[in-house]
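These are my notebook entries on a structure that I looked up. The sequence and the model are shown first.

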Amino acid sequence: MEEPIIQLQAIAKVYRVGVETIHALRGVDLSIGRNEMVAIMGKSGSGKSTLMNTLGCLDRPTSGEYWLGGRLVSAMKADELALVRNEEIGFVFQTFELLARQTALENVELPLLYSATGGGASARRKRALEALERVGLGGRVDHRPNQLSGGQKQRVAIARAILNNPRILMADEPTGNLDSATTAEILGLFSALHRAGQTVILVTHENDVAAHCQRVVRLFDGRILSDLPAEQDDEVAPHVPAARAMGAAA
Ligand SMILES: Nc1ncnc2c1ncn2[C@@H]1O[C@H](COP(=O)(O)OP(=O)(O)O)[C@@H](O)[C@H]1O
Ligand SMILES: [Mg+2]
């Protein structure tokens, strides 16, 4: 088997708040391969965001090893970790996190301003336009967030996240603020990026969102409770489109 992009070995994360010690992750082992699309599930407080922040190189584990693309990122200093994060990870958030006064194009261009390989103004603009076209927003590049629907805002955020061709696209409850029709649209976009080769990891508590993924990892109290193909996860399976479930069984 090809070497996985992500390998976690015995990852633990402990938060100390005053005299209290919180074990947010208690020994997580997880491998994720290239071009997988994985849902991370679990009830509130189970450690999903902590795992996401670790995978996304936003935070370091208290102990354990994290290998990303063959590099031991758990041993890196903060500045080194920030470089890896900018190169390798694209983030999408529930609340879109767009700058209100900037146009769609300017929001998407922004990461390139802080990147050594961002290029000049016209190169940046060209890349941002391409990313907006990939998410179907080529006709809205000069709109500001308040002139866009929720789904369109999330498309801008996805364009921004894929701009650097990150190895991993991560999304924490990306459809949490969207109605069901728009949720389906945004999940269709994630699936299309996945089919085009993107590795996708998304956190969700909704079974019908997880059903768009191939694999479902469930956390409970900082540990992996189950790690199954979507068709074999009891709660997600009924939401997997029949055509795909049959394809997987064949
Ligand atoms: N920055 C923090 N400081 C202290 N405790 C935290 C922090 N972040 C998360 N926790 C605690 O760690 C546990 C896991 O939290 P989290 O990863 O946010 O879970 P989830 O995303 O599944 O709701 C919870 O008990 C939470 O209160
Ligand atoms: Mg969370």
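Which residues surround ligand 1? Before answering, I note that this is a predicted model, in which local features need pLDDT of at least 70, side-chain atom pairs count only at pLDDT 80 or more, and totals for chains, interfaces and linings use all residues. Residues are numbered from 1 along each chain as its sequence is written, chains are lettered from A and ligands numbered from 1 in the order in which they are written, and side-chain values use heavy atoms, with hydrogens and water left out.

**Entry 1: the ligand**

I looked up the surroundings of ligand 1 and found Tyr-15, Val-17, Ile-22, Ala-24, Lys-43, Ser-44, Gly-45, Ser-46, Gly-47, Lys-48, Ser-49 and Thr-50. A residue is near a molecule if one of its heavy atoms lies within 4 Å of it. I then looked up polar contacts, which are pairs of N or O atoms within 3.5 Å. A side-chain N or O atom of Thr-50 is 2.5 Å from an oxygen atom of ligand 1. Backbone N or O atoms also approach ligand oxygens: one of Ser-49 lies at 2.9 Å, and one of Gly-47 at 3.1 Å. Ligand 1 taken alone exposes 560 Å², of which the protein buries 62%; accessible areas come from the Shrake-Rupley method with a 1.4 Å probe.

Strand 1 (6-17), strand 2 (20-32) and helix 1 (48-55) each give two or more residues to the shell. Helices (H or I, at least four residues) and strands (E, at least two) are DSSP runs, numbered from the N terminus.

**Entry 2: helix 1**

Helix 1 gives the most to the shell around ligand 1, with three residues. I recorded six of its eight residues as buried, namely Lys-48, Thr-50, Leu-51, Met-52, Thr-54 and Leu-55. Buried means under 20% relative accessible area, exposed over 50%, and partly exposed in between (1.4 Å probe, protein chains only). Just after helix 1, Cys-57 takes a positive phi of about 60°.

**Entry 3: the nonpolar cores**

Which residues touch the most other members of the largest nonpolar core? In this core of 42 residues, I found Val-108, Leu-132, Val-156, Ile-158, Phe-190, Leu-202 and Val-236. A nonpolar core is a set of buried Ala, Val, Leu, Ile, Met, Phe, Trp, Tyr and Cys residues joined through side-chain atoms within 4.5 Å. Helix 5 gives the most to this core, with six residues. Leaving aside neighbours within four places in sequence, Val-108 is in contact (heavy atoms within 4.5 Å) with Ala-128, Ala-131, Leu-132, Val-156, Ala-159, Arg-160 and Leu-163. Apart from this core lies another, of 28 residues, among them Ile-5, Ile-6, Leu-30 and Val-38.

**Entry 4: residues in loops**

Is Asp-233 buried or exposed? I found Asp-233 in the loop between strand 10 (223-229) and helix 8 (242-249), and it counts as buried because its relative accessible area is 3%. Not counting residues up to four places away in sequence, Asp-233 touches Val-216, Arg-218, Ser-226 and Leu-228.

Leu-99 sits in the loop between strand 6 (89-93) and helix 3, and is partly exposed at 41% relative accessibility. Its C-alpha atom is separated by 7.6 Å from that of Pro-145, 46 residues apart along the chain.

Asn-35, in the loop between strand 2 and strand 3, has a positive phi near 65°.

Conventions. A polar contact is a pair of N or O atoms within 3.5 Å; within protein, one must be able to donate a hydrogen and the other to accept it, and residues adjacent in sequence count only if both atoms are side-chain atoms.
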